[in-house]
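Please look over the sequence and the structure below. A short report on the model follows.

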Amino acid sequence: MQLRTTMTAVMAAVLVSVWAVEARAQAAPKAPKGFTVAFNGKDLSGWRGRPGGGGVFSPYVEAKFTPEERTSRQAEWNADRDAHWSVDAKTGELVSDGHGVHLATEKTYGDFEFLVDWKLTQPGGDSGIYLRDFPQVQIWDPNSGRDKKNGADKGSGGLWNNNPDNPGRWPLALADKPIGEWNTMAIRMVGTRVWVTLNGTPVVVGQVLDNFFERTQPVLPTGSIELQTHGSEVRFRNVFVREIPKAEGEKLLATVAK
């Protein structure tokens with residue numbers, strides 16, 4: 001009788017655990033006040049494919065597409081998106097296998113704040129977040145021997161594609177959590193300037209995001225927010241965004257030196 005009672009209790013506990021996991025996966029993410037949900041935890045609604053695979057695709061080139069070209073190319077990119085991006089049905093996490101197109105918001109943004117949790121699942125992992133389609137807030141493994149020569153040991157969160165003389169190229173602190181653990185990132189962009197907080201630590205404060213495609217010109221005033229693929233699995237959750245009002249943006253810009 002004792003054994004039967006124990007087994008019943010164990011089975012009940014397992015069922016409760018399964019139900020809890022399913023409930024978490026099915027529950028829609030709840031956005032903080034003032035934010036909207038950018039990823040619903042169920043499918044890729046609101047996101048489109050955009051050429052990537054660790055590379056870059058110029059928004060200037062895309063802007064020159066005819067309507068017919070845009071429709072045709074986007075169909076190709078979305079097919080590639082569906083081959084390499086998915087939603088983990090058990091956890092509700094957004095998963096990139098590290099290959100194929102980047103994942104870009106269908107909506108474009110000017111001044112905005114973007115919140116996201118991300119996790120690298122393997123040593124040497126690499127990803128990033130493009131702002132208005134320009135690279136990038138860097139995400140990588142600080143212990144990567146391969147990328148140490150590129151500055152990986154300084155940590156994630158820097159504007160890695162900036163000009164070498166731009167102090168925003170490198171994060172102010174190493175704030176990454178170990179591989180396999182979740183990191184929480186907050187990004188604000190107003191005009192050409194960017195603020196990044198990683199796990200509660202400011203790593204970029206009001207630095208200019210340089211224009212990767214036209215080095216002498218400022219970045220475009222609007223564009224998509226883009227999640228990069230770069231050869232390794234990366235997971236995202238709790239993805240939220242809000243547009244920053246003009247008055248708030250001006251107040252924020254006033255905190256940095258001209």
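## G180 and its contacts

Setting aside residues up to four places away in sequence, G180 touches K119 and L120. G180 is found in the loop between β8 and β9, the latter spanning residues 183-190. The model is a predicted one. In it, G180 counts as partly exposed because its relative accessibility is 39%, which falls between the 20% and 50% cut-offs.

Q122 is 58 residues from G180 along the chain. The C-alpha atoms of G180 and Q122 are separated by 7.0 Å.

## K119 in strand β6

K119 sits in strand β6, which covers residues 112-120. Is K119 buried or exposed? K119 counts as buried, because its relative accessibility is 14% and the cut-off for buried is under 20%.

Which residues does K119 contact, leaving aside its neighbours within four places in sequence? They are G180, E181, W182, V234 and R235. A further pair involves E233, which is 114 residues from K119 along the chain. The C-alpha atoms of K119 and E233 are separated by 8.8 Å.

## The chain as a whole

The protein chain holds 4 helices and 13 strands. It has 258 residues, and 45% of them count as buried. The accessible surface comes to about 12,900 Å². Carbon and sulfur atoms hold 56% of that surface.

Among contacts with a separation of 6 or more, 67% join residues 24 or more positions apart.

## An open sheet

Five strands make an open sheet, in the order β2-β5-β12-β7-β8. The pairing is antiparallel. Strands β2 (47-50) and β8 (134-140) are the edges, and each pairs on one side only. From one strand to the next, the twist averages 25°.

Helix α3 (residues 67-84) lies across β2 and β5. The helix runs at about 100° to β2.

## Salt bridges

The structure holds 15 salt bridges. One of them joins the side chains of E62 and R50, at 2.8 Å from N to O. E62 lies in helix α2 (residues 59-63) and R50 in strand β2, so the pair ties together parts that are 12 residues apart in sequence. E62 counts as buried because its relative accessibility is 6%. R50 also counts as buried, with a relative accessibility of 0%.

E62 has a salt bridge with R70 as well, with the closest N and O atoms 3.7 Å apart. R70 counts as partly exposed, at 35% relative accessibility. Which residues make up the network of salt bridges? R48, R50, E62, R70, D133 and E226 are linked in it.

Another salt bridge pairs D82 with R81. Their closest N and O atoms are 2.8 Å apart. D82 is partly exposed, with a relative accessible area of 49%. R81 counts as buried, at 12% relative accessibility.

Conventions: Residues numbered from 1 in each chain as written. Predicted model: local features only at pLDDT ≥ 70, side-chain atom pairs only at ≥ 80, totals over all residues. Heavy atoms only, no water. Helix = DSSP H or I, 4+ residues; strand = E, 2+ residues; numbered from the N terminus. Buried < 20%, exposed > 50% of the residue type's maximum accessible area, 1.4 Å probe, protein only. Contact = heavy atoms within 4.5 Å. Areas by Shrake-Rupley, 256 points an atom, 1.4 Å probe, with all protein chains shown as cover. Pairing = 2+ DSSP bridges. Axes fitted to C-alpha atoms, helices over the stretch in contact; angles between N-to-C directions. Salt bridge = Lys/Arg side-chain N within 4 Å of Asp/Glu carboxyl O.
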